[in-house]
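Open the model in your viewer and start with a cartoon view.

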Amino acid sequence: MSLTTLGLELPTDPRWVDIAGMNIGEILIDHAWCEQKAASSCISLIVMYTDKVELVDVLTPIVAEEWGHFQRVLKELRKRNIRLGRQRKDEYVNELRSRLRRSIGDQHEQMMDNLLINALIEARSCERFKLLSEHIADVSLRKFYRELMISEAGHYRTFIELAETYLPASRVRERWKEFLAVEADIMATMDVRADRMH
């Protein structure tokens, strides 16, 4: 899978990066909260699946990495005298969770869905980091987003590979294709917003 799409079926609307570039303060605020939620999500997975040794071992350093990214985004906000402000409602993530997470079923299937939702969020975030690194006017932020893109490019694969540790790879791939189709539908129907990373 290329770094351009990371396997996603629908690329980001080209208007998003232009709008984001004109509202970079709002994007940075939302991005900070996205990094905080990424760390929290990994912690939640560790808490839910404490008996899965490989999952705990793999996700623990990702928690630290995501929290480090949160701190880096805060630093960018401070440089610009922008306050973090309140956490925003993440419509994209909420829609993914409402449409993809199972409420019943086998524990391993539920765990797979949780891991694949995280994989989708990471893939879409990384795709948007790439766009920002290539198109926004602020040279220092272009470098910043390129570094984050490189750092996080493999995270989505990590979540998929963790799912494959506990379920047959063929089943994970089948479910991943379903997730990609739903995510593309969500992206096609969401408004392009100037104050959201997703």
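Follow the chain from the N terminus: the elements run α-α-α-α-α-α-α-α. That makes eight helices and zero strands. Keep in mind that this is a predicted model.

Now zoom out and show the C-alpha trace. Along its principal axes the trace spans about 45 × 30 × 30 Å. The radius of gyration is 16 Å, which agrees with the value near 16 Å for a compact globule because the protein has 198 residues. Next, look at the contacts between residues at least 6 apart in sequence: 81% of them join residues at least 24 apart.

Go inside. Of the 198 residues, 49% count as buried. Select the largest nonpolar core, a set of 62 residues. Which members touch the most others? They are L59, L132, Y145 and W176. Color the core by element. Helix 1 (15-22), helix 2 (24-48), helix 3 (53-79), helix 4 (91-100), helix 5 (107-135), helix 6 (139-152), helix 7 (155-166) and helix 8 (169-189) each give two or more residues to this core. Helix 5 gives the most, with 13 residues.

Stop at L132. Leaving aside residues up to four places away in sequence, L132 touches W16, V17, A20, I27, R142, Y145 and M197. Y145 is also on the list of core members with the most contacts to other members.

Then select the charges, 29 positive and 32 negative. Their mean positions are 4 Å apart.

Conventions: Residues are numbered from 1 along each chain as its sequence is written. This is a predicted model: local features need pLDDT of at least 70, side-chain atom pairs count only at pLDDT 80 or more; totals for chains, interfaces and linings use all residues. Side-chain values use heavy atoms; hydrogens and water are left out. A nonpolar core is a set of buried Ala, Val, Leu, Ile, Met, Phe, Trp, Tyr and Cys residues joined through side-chain atoms within 4.5 Å. Buried means under 20% relative accessible area, exposed over 50%, partly exposed in between (1.4 Å probe, protein chains only). Helices (H or I, at least four residues) and strands (E, at least two) are DSSP runs, numbered from the N terminus. Contact means heavy atoms within 4.5 Å. The radius of gyration is taken over C-alpha atoms; the globule rule is 2.2 Å times the number of residues to the power 0.38. Lys and Arg count as positive and Asp and Glu as negative; His and the chain ends are not counted. The place of a charge is taken as NZ of Lys, CZ of Arg, CG of Asp or CD of Glu.
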